[in-house]
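Thank you all for coming; I would like to take a few minutes to walk through one model, starting with the ligand and then moving on to some backbone details. Please have the sequence and the structure open while I talk.

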Amino acid sequence: MKPIKVGLLGLGTVGGGTANVLSRNAQEIARRAGREIRVTHAAAREVIPALNTEGIDICDDAFAVVNNPEIDIVVELIGGYDPARQLVLQAIENGKHVVTANKALIALHGNEIFEAAQKKGVMVAFEAGVAGGIPIIKALREGLAANQIEWLAGIINGTGNFILTEMRDKGRDFSDVLAEAQALGYAEADPTFDVEGIDAAHKLTILASIAFGVPLQFEKTYTEGISKITREDVNYAEQLGYRIKHLGVTRKTEKGIELRVHPTLIPERRLIANVDGVMNAVLVQGDAVGPTLYYGAGAGSEPTASAVVADVIDVARTMTVDPENRVPHLAFQPNALSDTPVLAMEQIVTAYYLRMQAVDRPGVLAEVTQILGEQGISIEAMIQKEPAEGESIASIIMLTQRVVESQMNEAIRRIEQLDVIEGDITRIRLEQLDK
Ligand code: HSE
C-alpha cells in the first residue's frame, strides 16, 4: 500500500515533537495503521533544533502545503485563529483530512469547520487540543458512549496547574513560575490565555459539546483565571482540608448546562486534588459507569505529539470507511445535537469559600451571619484569625453550603456594605466532586 503523506503546519514544540514521534516509532505506527505514515512536507518559519528533517520538504508557505495534491492529511500545529481557520477550511475544501491541536480554533470555529468537513466527507481530529496527551476525547466519544454524562470536572491547563503547584509547594513567585512554563514550551503564545482561564475555557467548551451533544458555545463559558489566588487562600484552604485547583466544570442539570472555568476548592482526599505540576486530569461522571478519572501530561512536546499522532493513525485507519459510519466529530450525529441552554452564572449552584477582613469587636460576626441567613446560606465551617499585633482587623474565613450564585452575589454585596467589613470579600467556589 502507498504510504500516507502528512503535511505538517508548524515545526515548533508540538510540530517538532510530532515529526520526531512519527519518525522514531515509524515501524510500530505502520503496524498499527496498516500503512506507512510519512511526513513529506512541512511549513515552518522556525525549526526546533535537534529535529531530523531528512526527507521533509520544508517551506514557509503553509498554503502551499495545504494546496499540495500529494498530501493526504494536513496537521495544523500553528495555533491561533488566523490563518489557522483559513488553512483548515482550505485543506477541507481540497478534500484533505485534518488533524489539529488547536483548541482555540475548534472552540470558536468548530461548528463551521465540522459542517464543512461533513459536506466534503473528510475528518477533522482534535484529540491533542484537550488535556495534551490524555486521550479524553476518545474516552468520552467512544469509551463512554453508552452513558448519559452527568458532569465532568477537569484540570485542563498545565501551565496554570504548574504555577499553583509551585506557589503552594515552594512558595515561588507567580511570574517566575510562569517564565519557566514558557521556557518549557507549556504556555500559550499569549500566556494570559493560561492564567486567565481562556485556554481552559476553550478546552471545556469542546468537552461539554462532546459530553452532552450540544454545539460548541465558547462565548457562553464563564471564565475566571488564577491570577487573584493568594498564598493566604491556599493556606486557609489547606487548614480546612481542601486544595485550590483551577477547574473546568460542566454539568447537565434540569434547567440547562453549567459551563464554567474558575479556581475551585476541592477536598484534598480526592485523587484529582493531588494532580500537580503540568499534569492534567479529567473526572467524568457517567450514569452507568459512575466516576472515571483520566490523568496525564497536559502539555509539552511529545505528550501532545502522542495525541496528534494517535489522531493521524485514527484518520489513516478510517480513511476508507464510509463517512456516515465514522465517529461523529462531536460524538453525537450532527443532526441530533440538542439546543439545551447553557445556564447563566447567576443560576449555577455551588458551595463557597469566603474570606473577609472585619473589625474585631463584638457583634460583627452576628451581622455577617444574619445576612447569610437571610439569603438562605448555611455556614459549613469557619476560621477566625485574630488581628496581628497592634492591628484591629481580623480575617474571617467561611465555607458555606451549596447555594444559587445569585443569592451569594446578593449576600456578598450586602456584607461588603457593612461598616465593619474592610475591602472586598474573596470568594472561591467549592465543589465536593462526589456526585
Ligand atoms: N498552554 C496549554 C497548557 C498547552 O498549559 O495546558 C496545552 O494545551
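Let me begin with a definition: on a 1 Å grid over the protein atoms alone, a pocket is an open set of points with protein on both sides within 12 Å along at least five of seven lines, whereas a cavity is a set of points where a 1.4 Å probe fits but cannot get out. A molecule sits in one of these if more than half of its atoms lie within 2 Å of its grid points, and in that sense the ligand here sits in the largest pocket.

This is a predicted model, in which local features need pLDDT of at least 70 and side-chain atom pairs count only at pLDDT 80 or more, while totals for chains, interfaces and linings use all residues. Residues are numbered from 1 along each chain as its sequence is written, and side-chain values use heavy atoms, with hydrogens and water left out.

Which residues surround the ligand? Taking near to mean a heavy atom within 4 Å, the shell includes Lys103, Asn157, Tyr186, Glu188, Asp194 and Lys203. Helices α7 (158–170) and α10 (198–212) each supply at least two residues of that shell; helices, as H or I runs of at least four residues, and strands, as E runs of at least two, come from DSSP and are numbered from the N terminus.

As for polar contacts with the ligand, meaning pairs of N or O atoms within 3.5 Å, a polar side-chain atom of Lys103 lies 2.6 Å from a ligand oxygen, and a backbone N or O atom of Tyr186 is 2.7 Å from a ligand nitrogen. An N or O atom in the side chain of Glu188 likewise lies 2.6 Å from a nitrogen atom of the ligand. The protein covers 93% of the 250 Å² of accessible area that the ligand has on its own, by the Shrake-Rupley method with a 1.4 Å probe.

Now to the backbone. A cis peptide bond, with omega about 10°, joins Asp82 and Pro83, and Pro83 is found in the loop between β4 (73–76) and α4 (84–93). Leu433, although not a glycine, has a positive phi of about 55°, and its place is in the segment after β17 (421–430). Is Leu433 buried or exposed? Leu433 counts as buried because its relative accessibility is 8%, where buried means under 20%, exposed over 50%, and partly exposed in between.

Definitions and conventions: Polar contact = N/O pair within 3.5 Å; in protein donor to acceptor, adjacent residues only side chain to side chain. 1 Å grid on protein atoms, 1.4 Å probe; cavity = no way out; pocket = protein on both sides within 12 Å on 5 of 7 lines; lining within 4 Å. Buried < 20%, exposed > 50% of the residue type's maximum accessible area, 1.4 Å probe, protein only.
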